[in-house]
Amino acid sequence: MTETLIRRVIALSEQEPDAACLHLRYVDRPERSLTRAEFVAYIRGAARQLHEMGARPGDLVIIVQRDLLTLVTTFFGTSLLGAIPSILPFATEKLDPTRYRTAMAMLLNLARPALLATDTEVVEDVRTLLPEVEEHLPVVAVIEPQPSGRLEVEDHLQAGVKIEDVALLQHSSGTTGLQKGVALSHRAIFAQLDSYGHSIGFSPNDVVVSWLPLYHDMGLIAGFLMPLLGGANLVLMSPFDWVRAPHLLMQAISEHQGTLCWLPNFAYNFCSQKIRDRDLEKVDLSSMRAFVNCSEPAYAASHRLFADRFAPYGLDLGKLTVCYAMAETVFAVSQTSLGMPVQADIVDRSSLRINNLAVPTTDSADAVERILSTGQPIEGMQAQILDTDRNTLPERHVGEIAVKSSYMLNGYFHRPEATEAAFYQGWYLTGDLGYIANGEVFVLGRKKDLLIVGGRNVYPQDIETLAGGVQGVHPGRVAVFGIANAQAGTEEAALVAEVDTEDDEVHNQIRAALRKVIANGSDIAVRHIWLMPPGWLVKTSSGKVARSANREKILEMHPELFPS
Amino acid sequence: MNSDTSKEQLRAYLTTEVLHDPSYPLGDGDALISSGLIDSFSLVDVALWVEDTFGVHIDNSELNSEQFDTLDQLFAYITQHQ
């Protein structure tokens, strides 16, 4: 019989039915632990409900759920039927309803899911946000957590599933990302987990602790499939609980003797600044083998802050590692070594920005950049750097990172042209800029968002960070992008910020302050500034400002600035 | 404690430290959380400040838009628990 994700879970439960595998942790309820046998019983309960609602092998099932037990069991329940699960975020206050509905309509047209599985907590929102007129409306199934015995049909339904078949769709973050469902096979997922597992010394003795959302690759692969398919334990909480009570993460690690935890860079600052000592009483983090910084650029300062804050609880810098990952390779591309502090590459800033060269320097002046390594490519993975003509660049030259591995996506779901465009001679073009030094991958930022102003590379996040420090501007509610000025022969920087006031005088003060702060803190001046009311900026599903979408929105308002 | 002063202190904290705009005209009944005006990343800050300033502990599980969506609701909670 072909090995599939769900077969691995069932096999583990048959080997050790009474061993605990999943611990669901909440801010307002006691923790709930499930043995492997109980977990499979709830998976079968979800599968039974899905089957009754019409799910069949090969069907796409979109999962929009808030309740953790329902979510994790609906995912594998879909798999048990030979159908394809894809988890999407549920609507929150931060997502604009109109955009959510538009994105959902695009997804339904393109992906044609047979079912939309939801739960009692969010079913009302789901029904409200479904497009009103739509040819391909899926059946809405409200799944409830119910244990069940073996399904009579399960062997029959599983019999046709092959290892190269699509096991799941991963929709990358972003409303426009819904157009690209990354289709991953059972084989690719197992191959990535084997290879990545080897690089971090993963074993069934590991205890993964995670608050990451399951609609994101880091949460789904590292913070969910890796422990559950690898015979390890998973302690899982909702991101909505963690953001209100970040100490839950540390308490969970301490109580379960957690060993691995993946976090985006901002979480290092958030945990360091917002957890009180009294919520850390008796907390012991010494069981941890590694925290893994992944999914946004990692900063040495964040690592230092985190290591200092939690040193009294058994943590040190050697346990803070970095990973470079993407959904198209299932997850990891590279990972730093466990047990030693991550190396920062100290390079000359002007060489990096003007000449696209990472020239090592030892200066401790302002004109240096400290770039954290993301480690060497993991087994089965190759990485190289390409110039704009797609020639391979030598070490320390900045260009687009291209990767090739034995565990790539099957393709973008129903998007063969997008799949073809993403590859060049078998190499996946990541859209990330970076360089390789001593065989290690250094990531600088996204290619498409990069501005080149007067020959200088400008990373928009740097300017956005400066702008976020201006009185009246909210950090995280700023978008910076480039607008080409044909006359000057270069791009000019444009900035949109949400502000809460409509007072002209205050607007003028904010504009003045923005120009001053950006001029002082970077090498460039901002040409255009737009101050908009709250809610104006287009955001991705993970709450980040979507630069290119906001650029398009400005284009609609000011076509004169964008000569065709 | 003078309750008018405390309420203004709370208002000033929210506009200055959370909204980063002291001139923001924050009304007593304005929706803070459900409107997205305060994002979820700031909720912990509000709870920590309330505890430091008024000695009132807000449990993390209570930090939601049903209970604390407006300045009036937040202030009523503080006065009840002091």
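How many bridges join strand β7 of chain A to β8(A), and do the two strands run parallel or antiparallel? In this predicted model, strand β7 (residues 166-171) and β8(A) run antiparallel and are joined by 5 bridges. Within this pairing, A:Gln170 has A:Val182 of β8(A) as its bridge partner. β8(A) also pairs with strand β20 (residues 411-412) of chain A, in the antiparallel sense and over 2 bridges. Here A:Val182 stands opposite A:Tyr412.

Strand β8 (residues 181-185) is mostly covered, with 5 of its 5 residues buried. In a regular strand the side chains alternate between the two faces of the sheet.

A:Leu184 and A:Val61 are the residues with the most contacts inside the largest nonpolar core, which has 145 residues. Helix α8 (residues 217-229) of chain A gives the most to this core, contributing 8 residues. At least three residues of the core come from each of domain 1 (1-179) and domain 2 (342-446) of chain A. Leaving aside residues up to four places away in sequence, A:Leu184 touches A:Val166, A:Ala167, A:Leu168, A:Gln170, A:Ile189, A:Val330, A:Leu409 and A:Asn410. Another core, of 27 residues, lies apart from the largest one and includes A:Ile463, A:Val470, A:Ala493 and A:Val496.

Helix α3 (residues 68-80) of chain A has 13 residues and reaches 18 Å from its first C-alpha to its last, close to the 18 Å expected. Because 12 of these 13 residues are buried, α3(A) is largely enclosed by the rest of the structure. The buried residues include A:Phe75 and A:Phe76. α3(A) is followed by A:Gly82, which has a positive phi near 75°.

Technical notes
Residues numbered from 1 in each chain as written. Chains lettered and ligands numbered in written order. Predicted model: local features only at pLDDT ≥ 70, side-chain atom pairs only at ≥ 80, totals over all residues. Helix = DSSP H or I, 4+ residues; strand = E, 2+ residues; numbered from the N terminus. Expected span 1.5 Å × (residues − 1). Buried ≥ 20, exposed ≤ 12 C-beta atoms within 10 Å, placed from the backbone. Core = buried A, V, L, I, M, F, W, Y, C linked by C-beta atoms within 7 Å. Domains from an automatic or database assignment. Contact = placed C-beta atoms within 7 Å. Pairing = 2+ DSSP bridges.
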